[in-house]
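This report goes through one protein chain, feature by feature. Please look over the sequence and the model before reading on.

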Amino acid sequence: MTDAVRRRRAVRPAAVLVAALLAGAVAGAPSSGAAPGTAAAVAAEQHHSGVNTCPDPPIGELDPARLPPVPAGAMVLPLPDMDPFPPTPACAFAVGYANVHKLGQASVVNDPGNHPVLAGLNMTRRFVTLWDPEPGQQPYFEADSLGYLKLPPSDTTFLTFGFMPTTAKMELVPQGLLTIVATGNSDWDQPAEFTIAGYQSLRIYDVKVNGTPLDVGPNCRTVRPVDLQLKGRQDDYLPGGGDGKPDYTLQGGGPLSQRDLVIPPFSGCGTGGEDLDPLFTAAVSGPGNTLNLIQGAICTPTSDQPNGCEPEIELPALPHRRS
């Protein structure tokens, strides 16, 4: 059993205050569409980050639209007359694949072998607790955090005009911060549920059709941001061992996924009066896309040792399925 696995199993939701971040990874064959955890993921190649410090924590506000309803009688901290909690920096690497349905392939995101970037966190900006529920209510625990991740572009190949091989770079551009919500408590036999949500615009550039450059201009992007909603879960402590899928915890990492991400139509593609929007909309846009993630252990530099930062921040390997 690896140290990473031991850490995942040791952490319980009461200690898991928030989740970490984005990128993609299909836990298996890129175009299979199988749910995460249906087959064991094994490391193809282990890389070392050589990094032991976090970027500055993201500063901003939680997105109210991403927050669950507050149960009646619950306490929300900080209270309205309190100062905000001081920043709590943390960070983690997340690597994997993005699977675009129409392309029938997966593109590596945040390649661990090619200068991967860290996701920055500002943890526990808000708590919601209900320790003594009324009859008919359930006890409730929630911890909310902020995240930020600017992923490097990924290379992709697809067909235009139905048959022309086309290569391009695809880039997710953050439109604000990510709101991270963790709910549940093992003391109440509740699963720990994690949601990492935000908006990112999808941009296409450096396009070549059958090897010939195609000038799409600097503003070829989706007409509205992509709605990201990555989810993770820990439930191995529940009776029967939970759902049997690999668990996610903040401190130990694990799988995060979005199973049906919708890519909006494209706009601004083309130069010199040439409208290439329909071309990329037909080739890329639509539902049925997946983002999946393998996150490494979190580094919390202001915590006592061991804090996940030394000797280096864990860099997970890209997963693949056992045959």
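How many nonpolar, polar and charged residues are in the lining of the second largest pocket?

## The second largest pocket

The lining has nine nonpolar, two polar and three charged residues. The model is a predicted one, and in it this second largest pocket holds about 270 Å³ of space. Its lining is made of 14 residues, and those closest to the centre are G60, E61, P84, F85 and R125. Among the elements, strand β5 (residues 118–130) gives the most to this lining, with three residues.

## The chain overall

The chain has 323 residues, of which 48% count as buried. Its secondary structure consists of two helices and 17 strands.

Contacts between residues at least 6 apart in sequence join residues at least 24 apart in 78% of cases. The chain has an accessible surface of about 14,900 Å², and carbon and sulfur atoms account for 55% of that surface.

## The largest cavity

Three cavities of 30 Å³ or more are found in the structure. The largest cavity contains about 260 Å³ of space. It is lined by 20 residues, with A98, V100, L172, L202 and L291 closest to its centre. Several elements give two or more residues to this lining: β3 (89–100), β4 (105–109), β8 (164–174), β13 (226–234), β14 (254–263) and β16 (286–295).

By class, the lining of the largest cavity has 14 nonpolar residues, five polar residues and one charged residue.

Side chains alternate along β13.

Strand β10 (residues 192–209) pairs with β13 in the antiparallel sense, over nine bridges. In one of these strands' bridges, T195 has K231 of β13 as its partner.

## Two buried residues

Q258 lies in strand β14. Is Q258 buried or exposed? Its relative accessible area is 9%, so Q258 is buried. Leaving aside residues up to four places away in sequence, Q258 touches D227, L228, Q229, L230, N289, T290, L291 and N292. The C-alpha atoms of Q258 and N292 are 6.1 Å apart, although 34 residues separate the two along the chain.

L178 is in strand β9 (residues 178–183). Because its relative accessible area is 4%, L178 counts as buried. S145 is 33 residues from L178 along the chain, and the distance between their C-alpha atoms is 8.3 Å.

## Backbone details

Where are the cis peptide bonds described here? One joins L77 and P78, with omega at about 0 degrees. P78 is in the loop between β2 (75–77) and β3. Another cis peptide bond joins E310 and P311, with omega at about -5 degrees. P311 lies in the loop between β16 and β17 (319–321).

D206, in strand β10, has phi near 50 degrees. D206 counts as partly exposed because its relative accessibility is 43%. N210 is in the loop between β10 and β11 (212–214), and its phi is positive at about 55 degrees. The relative accessibility of N210 is 53%, so N210 counts as exposed.

Notes. Residues are numbered from 1 along each chain as its sequence is written. This is a predicted model: local features need pLDDT of at least 70, side-chain atom pairs count only at pLDDT 80 or more; totals for chains, interfaces and linings use all residues. Side-chain values use heavy atoms; hydrogens and water are left out. On a 1 Å grid over the protein atoms alone, a cavity is a set of points where a 1.4 Å probe fits but cannot get out, and a pocket is an open set with protein on both sides within 12 Å along at least five of seven lines; lining residues have an atom within 4 Å of a point. Grid points are joined across faces, edges and corners, and a volume is the space filled by probe spheres set on the points. Helices (H or I, at least four residues) and strands (E, at least two) are DSSP runs, numbered from the N terminus. Ala, Val, Leu, Ile, Met, Phe, Trp, Tyr, Cys and Pro count as nonpolar, Asp, Glu, Lys and Arg as charged, and the others, Gly among them, as polar. Buried means under 20% relative accessible area, exposed over 50%, partly exposed in between (1.4 Å probe, protein chains only). Contact means heavy atoms within 4.5 Å. Accessible areas come from the Shrake-Rupley method with a 1.4 Å probe; for residues, only the protein chains shown count as cover. Two strands pair if DSSP finds at least two bridges between them.
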